[in-house]
Amino acid sequence: MNREFIKDLQTIFVLLDQLEKQTIDRDFPIIWEKVHATSCAQIGRMLAEKRGVDGEQAALACALHDIGRWISGRQYKHAPKGEEPVRDFLAEKKCTDETKEQIVQAVINHSKKDEIGTPLEEIVKDADILDCHWYGEDIVKPYHISRLKKALKDFGIHYVEELDK
Ligand SMILES: [Fe+2]
């Protein structure tokens, strides 16, 4: 069992439990933030294995990618707003500064889904869109649809009928 990553998830859940006590308006409920963080991490691991990227780094970046929204409650500019909280989160972690910085950049840049970034950034963007799709969110923007189709193809899923409607 990967106790280290489970501990990271526990830290994330404790943080989200604390944030849930705040009486701010949220665009998404805390339970979604927990579910999305957890499933994105596993999708990120799968993508990382396929693409030759470090799986633990990918899982952590994916789990943390919406941290800016956890704090602000809002979708608006949540990716760049994640910079400070993700740096704080990673401060305690025993990994190299380079590994941490790559995670920080992946969080900051994950909403730029019309752009191609580093392999880690691409994993975070693809895991995000796959998870939203698999949880039934309508993927509407054309560049989101093309990214989703490409990511599905990575898993050997070649066609999703409703995407073309
Ligand atoms: Fe996001």
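Two residues are in contact here if their C-beta atoms, placed from the backbone, lie within 7 Å. The model is a predicted one.

**Leu-64 and its contacts**

By that cut-off, and leaving aside neighbours within four places in sequence, Leu-64 is in contact with Val-86, Phe-89, Ile-103 and Val-107. Leu-64 belongs to helix H3, which covers residues 55-64. Is Leu-64 buried or exposed? Leu-64 is buried, because 26 other C-beta atoms lie within 10 Å, and 20 or more is the cut-off for that class. Glu-115 sits 51 residues from Leu-64 along the chain, and their C-alpha atoms are separated by 20 Å.

**Overall fold**

The protein has nine helices and zero strands. From the N terminus on, the elements run α-α-α-α-α-α-α-α-α. The radius of gyration is 15 Å, close to the 15 Å that the globule rule gives for 165 residues, so the protein is as compact as a globular protein of that length. Taken along the principal axes, the C-alpha atoms fill a box of roughly 40 × 35 × 30 Å. Of the 165 residues, 32% count as buried. Take the contacts with a separation of 6 or more: residues 24 or more positions apart account for 51% of them.

**Two helix pairs**

Two packed helices are described by the angle between their axes and the distance between the axes. The table gives both values for two pairs.

| Pair | Angle | Axis distance |
|---|---|---|
| H1 and H2 | about 165° | 10 Å |
| H3 and H7 | roughly 40° | within 9 Å |

Helix H1 spans residues 3-20 and helix H2 spans residues 30-51; their angle is about 165°. That makes H1 roughly antiparallel to H2, because angles over 145 degrees count as such. H1 passes H2 in a right-handed crossing. On the H1 side, the contact is made by Leu-9, Ile-12, Phe-13, Leu-16, Leu-19 and Glu-20. H2 supplies Ile-30, Glu-33, Lys-34, Ala-37 and Thr-38. The residues of this contact divide into seven nonpolar, one polar and three charged.

Now the second pair. The axes of H3 and H7 cross at roughly 40°. H3 passes H7 in a right-handed crossing. Which residues make the contact between H3 and H7? From H3 come Gln-57, Leu-60, Ala-61 and Leu-64. From H7 come Thr-99, Gln-102, Ile-103, Ala-106 and Val-107. Here the residues divide into six nonpolar, three polar and no charged.

**Two loop residues**

Most residues other than glycine have a negative phi. Lys-77 has a positive phi of about 50°, although it is not a glycine. Where is Lys-77 found? Lys-77 lies in the loop between helix H4 (67-72) and helix H5 (78-81). Lys-77 counts as exposed, because it has 12 C-beta neighbours inside 10 Å and the class takes in residues with 12 or fewer.

Glu-92 is another loop residue, found between helix H6 (83-91) and helix H7 (97-109). With 8 other C-beta atoms within 10 Å, Glu-92 is exposed. Glu-92 and Asp-66 are 26 residues apart in sequence. In space, their C-alpha atoms are 19 Å apart.

Technical notes. Residues are numbered from 1 along each chain as its sequence is written. This is a predicted model: local features need pLDDT of at least 70, side-chain atom pairs count only at pLDDT 80 or more; totals for chains, interfaces and linings use all residues. Helices (H or I, at least four residues) and strands (E, at least two) are DSSP runs, numbered from the N terminus. Axes are lines fitted to C-alpha atoms, for helices over the stretch in contact, and angles run from 0 to 180 degrees between N-to-C directions. Angles under 35 degrees count as roughly parallel, over 145 as roughly antiparallel, 65 to 115 as roughly perpendicular and the rest as oblique. A crossing is left-handed if the near helix is turned anticlockwise from the far one by less than a right angle, and right-handed if clockwise. Ala, Val, Leu, Ile, Met, Phe, Trp, Tyr, Cys and Pro count as nonpolar, Asp, Glu, Lys and Arg as charged, and the others, Gly among them, as polar. The radius of gyration is taken over C-alpha atoms; the globule rule is 2.2 Å times the number of residues to the power 0.38.
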